Every structure is written in structure tokens, then in C-alpha cells.
2 protein chains.
Amino acid sequence: VRDRSVAQNAQLALLLEVSGTPKPGNVDRERDFADLRFEHFMAGAVGARPGLELAAAGEPVGEAFERAVDGMADQSAGNTQFGALLVLSPLVAAASEGALTPARADAVVRNTTVADSAGFYRAFEHVDVAVDDPPDGLEPLDVRYGADAIPELESRGLTLLDVMERSADVDGVAAEWVGQFERVFDAAEAILDDDGPVPDRASRAFLDLLAEGPDTFVVTRNGPEAAAEVQRRAQAVLAGEEDATELAEELVARDINPGTTADLVAGALFVALERGLVV
Amino acid sequence: VRDRSVAQNAQLALLLEVSGTPKPGNVDRERDFADLRFEHFMAGAVGARPGLELAAAGEPVGEAFERAVDGMADQSAGNTQFGALLVLSPLVAAASEGALTPARADAVVRNTTVADSAGFYRAFEHVDVAVDDPPDGLEPLDVRYGADAIPELESRGLTLLDVMERSADVDGVAAEWVGQFERVFDAAEAILDDDGPVPDRASRAFLDLLAEGPDTFVVTRNGPEAAAEVQRRAQAVLAGEEDATELAEELVARDINPGTTADLVAGALFVALERGLVV
């Protein structure tokens with residue numbers, strides 16, 4: 001038997017992430033939103049793979065990410081795994097250089113360039129992503145400008161890590177980029193220490209992360225109070241005071257989707273696979 | 001957005017097949033066997049892709065199939081998609097040459113050689129597949145010999161189509177090889193004519209095929225009476241006399257797995273994707 005490649009592990013992480021259930025508020029093996037369904041995540045993972053292979057081949061992270069997003073978007077539901085690919089791209093690049101460690105991942109993001117930022121901005125032209133208005137002074141860098149913001153990136157000399165630093169307080173994925181992917185690596189170790197079927201471990205890792213801090217995608221789409229409620233109720237699930245499946249049904253019905261937490265789980269599953277998780 | 005390649009459509013077909021529910025007796029989005037679970041099919045589809053790409057690149061079908069099986073087997077449950085890959089390999093080769101038609105698929109299988117047979121036999125060394133004893137006179141060609149049977153294949157000059165002809169009456173996948181993939185193409189058209197989410201269409205196509213004839217994998221593992229019962233009860237589901245989900249629960253509990261019918265659905269989903277099915 002041939003072992004999976006780094007890019008194959010990343011694709012499998014995307015598939016395992018959406019297979020975990022319950023993941024309250026997310027598309028999972030048992031739940032869909034009306035226009036964002038399980039099959040769209042399957043197609044997204046299939047389409048993302050060539051971009052993940054570019055990252056594994058040592059191509060620039062921004063270019064690999066843009067290519068992954070472009071392929072991911074080849075399904076009818078729009079954004080399925082934008083954030084997950086933003087977590088995975090540097091981790092895949094790091095894993096292709098040797099054992100996957102926080103230090104190696106940190107080196108990858110520190111080596112990003114203005115060209116990587118340009119790739120990141122171009123990726124927004126392939127798919128609609130829910131984002132907030134930029135903070136004061138950063139209006140010219142609104143990601144919704146896509147490639148039109150590239151001259152501004154160049155004049156300010158912003159690397160992709162610089163861009164992530166500017167949104168780390170409002171985006172849980174950007175926070176991982178600037179924080180050595182600490183929550184991702186911690187969740188990966190929890191998945192490795194857990195037992196039972198891998199999708200069940202993914203579900204438990206998701207709940208742990210959800211209870212740990214507010215999901216920034218919920219903050220963006222539903223507001224900070226909804227995000228605080230989701231965190232509090234995930235804590236109640238962990239305390240045995242609420243049922244995870246009932247919470248999953250309720251959040252889907254209310255269109256509250258903790259997508260950033262799912263992105264971190266995808267990253268954690270990839271790290272765990274690279275560290276020997278058996279499927 | 002970049003369109004999916006032929007190999008990507010084949011990989012997506014594998015993923016959509018297992019996502020359809022209910023598919024009575026099969027692993028599906030809602031059901032697992034104890035040691036053969038949804039995540040193993042995810043990993044199987046990830047691992048199979050390089051072999052599918054060989055088929056799309058025009059490499060010999062037997063070699064591509066063997067490579068696909070080798071990668072598919074890189075998960076802990078053993079055989080997940082051996083039969084599906086045997087359906088897909090010639091269809092992928094045909095699709096890479098132009099519009100996917102029965103005539104083009106037939107030309108691919110007619111062009112197979114003794115080397116393709118050798119690849120097919122080698123594939124049995126990568127994974128345990130449930131098979132019957134060979135008929136009288138064909139003992140030296142028992143697939144369980146794996147590569148040890150290759151000298152016999154060579155001395156008899158058997159192409160892979162010749163091998164399939166010898167088992168077409170006991171193996172529904174082999175029957176497709178010798179019959180211009182008629183049931184696969186018919187099911188693809190039914191999927192295209194259907195509406196609603198693609199996994200739901202896959203479930204309906206599965207039930208139609210199951211009602212149409214005995215599943216040869218059930219014949220092999222559970223005997224002809226069990227296969228006849230499964231066919232009859234699928235007919236009862238179509239007649240509104242039985243509930244598909246209850247039948248699914250019962251067949252999984254009885255370890256009756258109509259895997260050949262699932263293989264045909266994977267092929268049908270691939271043909272449908274090549275013909276414009278939107279996910």
C-alpha cells in the first residue's frame with residue numbers, strides 16, 4: 001500500500017471535517033443548510049486538491065491558496081472551505097519540508113511576501129466570502145476589492161503575514177497565522193489522544209474549540225452576542241447540561257454557522273493525519 | 001472557476017455515491033458497518049485518485065486500475081471501492097478521449113491486452129476482495145492467486161475483456177464490461193433526468209438498479225436466495241409497500257451489502273457528471 005501524500009492528507013482532512021457529527025451549526029454528516037449541503041463540501045474538497053498540491057510542491061503559499069480556492073469554488077453553493085484552505089495552505093507547505101511542527105509552520109508564514117498577499121486578495125474574486133467592513137484606515141485594503149487592492153498592498157509592502165496581523169483580532173484563522181497555529185496543534189493532539197472513529201473525534205474537537213472562544217465567523221454574520229451565546233452553549237454541552245445534537249438542529253435552523261471553528265478542525269485533522277492518525 | 005478534470009469527476013463520483021442515503025445495505029451518509037465506515041470510503045476516494053489520473057492520461061487500464069486499488073487500500077477497513085474502480089477505470093479512459101459514450105467505453109475494453117489482465121490480477125494483492133471459487137476449468141485463473149496467475153493468463157493470451165467475459169454471469173461489474181456499460185449509462189440518464197440534491201438522486205438510482213436484478217456481491221457473500229430477497233424487497237420499496245430507510249437498517253443489521261449495485265451507481269454518477277450534472 002502506498003502512503004497518502006501531504007496533499008492527499010489535506011484533502012482527506014477536508015472530507016473528515018465535514019463527516020464529523022454533531023458539529024453544532026455546521027454542515028455535517030447529518031445536517032445541511034438549504035443551499036449549502038454535504039455534497040458541496042465533497043465537490044469543494046475535490047476541486048481544492050490541485051492547489052493543495054502546489055503548496056506541497058513548495059510553490060508560494062498565496063498562489064497555492066488562490067488555486068485551491070478557485071478549484072473549491074467549482075460547485076454551486078459558493079464558499080464551502082475558504083477558511084479551511086487558509087489554515088491548510090501554510091500547514092501543507094510546512095509538512096512538505098519535514099515533520100509538521102509549530103516552528104516550521106511559523107517559518108512558512110514569516111516567509112510570505114507581497115506576492116502572497118496578492119494571491120490572497122485574488123482568491124476573493126473566485127467566491128463570495130462573508131467579511132466585515134475593514135477597520136478605520138484600512139478601507140483601501142478591503143478584501144472585497146480583490147485584485148484591485150494589489151497596488152495598495154504593494155505600495156505598503158504588506159506580506160500575507162502582515163495582512164493576517166491586521167485582522168487577527170477579528171478572524172480566528174488569521175489569529176492562527178500570527179500565533180503559531182497553537183489552537184490547531186492543540187486540537188490535533190486532542191484528536192490523537194482521543195479514541196474511536198475519526199469523525200467522532202472531530203466532533204468532540206469541534207465542541208472543545210467552540211467552548212473555548214467565540215467563533216469569529218458567527219461574530220461577522222450574526223453578531224458578537226450570538227457568538228457569545230454559541231460559546232456558552234457549547235460549554236453547557238461539555239458540562240452535560242445540553243444535548244449536542246439538539247444544539248446542532250437549533251443552530252442550523254437559526255442559520256448560525258460557526259465556520260471558523262470548523263476551519264480549525266480541518267487544520268487539526270490534517271496535523272493529526274501527518275502525525276500518524278489512522279483512518 | 002476551473003472545471004473539474006475527468007479524474008476529479010471520477011473521485012467526486014466515489015464521494016457522492018457513498019453520500020447518497022438511504023442505499024439499503026450499503027454504507028451511506030447515515031449508516032456504517034462496524035468495521036467498514038463512512039470515513040474509510042472518504043480515504044479510499046482520496047487514495048484512488050492517482051490511479052484514476054493514470055487512466056485519464058491514457059495509461060493502460062489494467063495498470064491504472066491496479067494503482068487506483070493500491071491507493072484505495074490505504075485505510076484500515078480493507079476493500080471499499082474495488083468494484084467501483086473496475087467500473088470507473090475504463091469509463092475514465094473513454095472520457096479522456098472525447099464525449100463519454102457506450103461506444104467509446106466499449107472500444108476501451110476491446111483494446112485491453114494481456115498486460116491489463118496482469119494489472120487486474122496484481123490488484124488483488126493489495127486488498128482482500130470477497131470472490132467465489134472459479135468455475136470448472138478456470139481454477140488456475142483464480143484471482144486469489146494474484147500475480148502468480150499471470151503466466152497462465154499469458155499462456156492463454158487472455159485480455160482483460162476476456163477475463164471479464166468469463167465472469168460476466170456471476171459478477172455485475174464484469175457484465176457491464178461485456179455489455180457496453182448499459183446499466184451504468186441508463187442509470188446516468190435517470191440521474192440527469194431526476195431532480196433535487198445529487199445524493200438523493202443517487203439513492204433513487206441505487207434502488208432502481210437493486211430492483212432490476214440480483215446484486216452479485218450479495219450472491220457471493222450471502223447466497224442467491226438472499227440476493228433474490230433483496231431484489232424483491234427493493235421492488236416493494238418502489239411499489240410503496242416497504243420503507244427504504246427501514247430496509248436499509250435491516251440489511252445493515254443482517255450484514256447484507258449490495259456492493260455491486262453501489263459500484264454501478266458510482267459509474268452512473270461519473271457518467272452523469274461528465275454529461276453536465278451540476279453539484
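In this predicted model, D255(A) sits in the loop that links helix 14 (244-253) to helix 15 (259-274) of chain A, where helices (H or I, at least four residues) and strands (E, at least two) are DSSP runs numbered from the N terminus. D255(A) is not a glycine, yet its phi is positive, at about 55 degrees. The predictor assigns the complex an ipTM of 0.96 and a pTM of 0.97.

Residues are numbered from 1 along each chain as its sequence is written, and chains are lettered from A, with ligands numbered from 1, in the order in which they are written. Local features need pLDDT of at least 70 and side-chain atom pairs count only at pLDDT 80 or more, while totals for chains, interfaces and linings use all residues; side-chain values use heavy atoms, leaving out hydrogens and water.

**Chain A: fold and confidence**

- Chain A contains 15 helices and zero strands.
- Its radius of gyration, taken over C-alpha atoms, is 17 Å, close to the 19 Å that the globule rule gives for 279 residues, so chain A is as compact as a globular protein of that length; the rule is 2.2 Å times the number of residues to the power 0.38.
- Along the principal axes, the C-alpha atoms of chain A fill a box of roughly 55 × 50 × 35 Å.

**Backbone geometry**

- Most residues other than glycine have a negative phi, and most peptide bonds are trans.
- T21(A) and P22(A) are joined by a cis peptide bond with omega about -5 degrees, and P22(A) belongs to the loop between helix 1 and helix 2 of chain A.
- In chain B, the bond from T21(B) to P22(B) is cis, with omega near -5 degrees; P22(B) is placed in the loop between helix 1 and helix 2 of chain B.

**Extent of the interface**

- Chain B and chain A each give 38 residues to the contact, which means heavy atoms within 4.5 Å.
- About 3,200 Å² is buried between the two chains, with carbon and sulfur atoms giving 53% of that area; buried area is the accessible area (1.4 Å probe) that two parts lose on being put together, summed over both.
- On the side of chain B, R2(B), R29(B) and V46(B) lose the most area to chain A, together 22% of what that side buries.

- Six salt bridges are counted between chain B and chain A, each a side-chain nitrogen of Lys or Arg within 4 Å of a carboxyl oxygen of Asp or Glu.
- Over all chains, the count is 46 salt bridges.
- D32(B) pairs with R29(A) in a salt bridge whose closest N and O atoms are 3.1 Å apart. This pair crosses between chains, from the loop between helix 1 and helix 2 of chain B to the loop between helix 1 (6-19) and helix 2 (38-56) of chain A.
- D32(A) and R29(B) also meet through their side chains in a salt bridge (3.1 Å, N to O).
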